[in-house]
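Here is a set of questions and answers for a reader who meets this structure for the first time. Each answer sets a value beside the rule that gives it its name.

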Amino acid sequence: KLKNEEELFIAHNCKEDVSHHQPTVSTLVPRVLLDPESRVRLVELNTYPIHGHGNYDEYAISIFRAMVQNTSVQEFHLTSPLPKRPNVRLAFADMIAKNTSLQELNLTNGKLDKHMMRALETNKSITHLSLWLGSMGEGEAEMIARLLTVNDTLQSLAVRHRYVSAQDVKVIAHALESKCTLRKLILASSCINDEGAKFLAKLLHNNNNNNNNATTLKVLDLRGNEIRNVGAIALANALLSNECLEELCIQSNKVSILGALAFAKMLKVQSSIRKLHLHYNLIGKSGCEALAKAMTMNTNVTHLNMFGAPHDQNTRSLLMKDNRIVY
């Protein structure tokens, strides 16, 4: 029955008796993953119960080894930190290096190590990598930067609810200035401030179709950070010369009227941007009005989100006439 399921959510029961010979989750899951007729597309594994239990090291390793041969799973979510024991971490790295069907890998509250990064560098199937919670470990930004320049398969990198310093942003942005395949970068709820935003603005300024060495980044998502006017203005000014970016999200930051005016100026002349998300900022009535007027001069933008921004009756009439604007 399990092999016909498309999603497996595994939270191992610490009270399970692994000494008897009856089938248990410890033996069934690897068998399902090894079955050539398995239809499982997504595996979500919670390893908390493995911590501190020697017997469960083998349980985790058995799943990772089964994944090496599995050809049906496309998404693998590790929803708790990977145990620090070397044998478990090496088995996980081996899974990444040798599996040929995985397209999306999500890691929660864990540090990337050199074994995982080497595996990711050689993997030719994973296109989406997500890192959740915690903070960047020492040297982790440098490892990610190397990955972005070496791996030619990865198209999307997401870092969410994970502290990223301005120096980390600088390292990653510098890597993206060289030629690589990344199309989508998400740095959400990661405490990125104006300094970090300026490093990304420099990247956008150099990221255009005329630069053969640049990545053609299409989506930049910076929601839920600490970006204020200085960072917003830098991003907006960078977009004046950018010919590649199609979507920018800076919702739920601390951008006020001056930042909104900079984006309004950008909208009057910028040609590549298609979606701009500015909702849940502090742009005020003046910022809302300036953006609404700028949209009357822009025929390329398909979506402008200013939800929650205050506006007067005159601005409301402009907003109502343009079904591209969410307010």
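Q: Where is histidine 161 found?

A: In this predicted model, histidine 161 is found in the loop between strand 6 and helix 6. Its phi is near 50°, which is a positive value in a residue other than glycine.

Q: Why is histidine 161 called partly exposed?

A: The relative accessible area of histidine 161 is 43%, and since buried means under 20% and exposed over 50%, a value in between counts as partly exposed. Histidine 161 is therefore partly exposed.

Q: What do strand 6, helix 6 and strand 7 make?

A: Strand 6, helix 6 (residues 166-177) and strand 7 make a β-α-β unit that is right-handed. The name right-handed rests on the path from the first strand over the helix to the second, which runs clockwise when the strands point away from the viewer.

Q: How do you know that strand 6 and strand 7 pair?

A: Two strands pair if DSSP finds at least two bridges between them, and strand 6 (residues 156-160) and strand 7 have five bridges, in the parallel sense. Within this pairing, valine 159 stands opposite leucine 187 of strand 7.

Q: What joins strand 7 to strand 8?

A: Strand 7 and strand 8 (residues 219-221) run parallel and are joined by three bridges, where at least two are needed for a pair. Lysine 184 stands opposite valine 219, a residue of strand 8.

Q: What makes the pair of phenylalanine 64 and phenylalanine 92 edge-to-face?

A: The structure holds four aromatic pairs. In the pair of phenylalanine 64 and phenylalanine 92, the ring centres are 5.1 Å apart and the planes stand at 65°; rings pair if their centres lie within 6.5 Å, and planes over 60 degrees apart count as edge-to-face, so this pair takes that name. Phenylalanine 64 lies in helix 2 (residues 54-69) and phenylalanine 92 in helix 3 (residues 86-98), so the pair ties together parts that are 28 residues apart in sequence. Both phenylalanine 64 and phenylalanine 92 are buried, and ring pairs link Phe64, Phe76 and Phe92 into a cluster.

Q: Why is the pair of tyrosine 280 and phenylalanine 307 called edge-to-face?

A: The ring centres of tyrosine 280 and phenylalanine 307 are 5.8 Å apart and their planes are at 75°, and because the limits are within 6.5 Å for the centres and over 60 degrees for the planes, the pair is edge-to-face. This pair links distant parts of the chain, 27 residues apart, with tyrosine 280 in the loop between strand 10 and helix 10 and phenylalanine 307 in the loop between strand 11 (303-305) and helix 11 (313-321).

Q: Are tyrosine 280 and phenylalanine 307 buried, exposed or partly exposed, and what values decide this?

A: Tyrosine 280 has a relative accessible area of 47%, and phenylalanine 307 has 39% relative accessibility. Phi of tyrosine 280 is near 60°, a positive value in a residue other than glycine.

Q: How many cavities of 30 Å³ or more are counted?

A: The count comes to one cavity of 30 Å³ or more, and the largest cavity has a volume of about 70 Å³. Among the residues that line the largest cavity are Leu78, Phe92, Lys111 and Arg162, and by class its lining has seven nonpolar, three polar and two charged residues.

Methods:
Residues are numbered from 1 along each chain as its sequence is written. This is a predicted model: local features need pLDDT of at least 70, side-chain atom pairs count only at pLDDT 80 or more; totals for chains, interfaces and linings use all residues. Side-chain values use heavy atoms; hydrogens and water are left out. Helices (H or I, at least four residues) and strands (E, at least two) are DSSP runs, numbered from the N terminus. Buried means under 20% relative accessible area, exposed over 50%, partly exposed in between (1.4 Å probe, protein chains only). On a 1 Å grid over the protein atoms alone, a cavity is a set of points where a 1.4 Å probe fits but cannot get out, and a pocket is an open set with protein on both sides within 12 Å along at least five of seven lines; lining residues have an atom within 4 Å of a point. Grid points are joined across faces, edges and corners, and a volume is the space filled by probe spheres set on the points. Ala, Val, Leu, Ile, Met, Phe, Trp, Tyr, Cys and Pro count as nonpolar, Asp, Glu, Lys and Arg as charged, and the others, Gly among them, as polar. Rings of Phe, Tyr and Trp (its six-membered ring) pair if their centres lie within 6.5 Å; planes under 30 degrees apart count as stacked, over 60 as edge-to-face and the rest as tilted.
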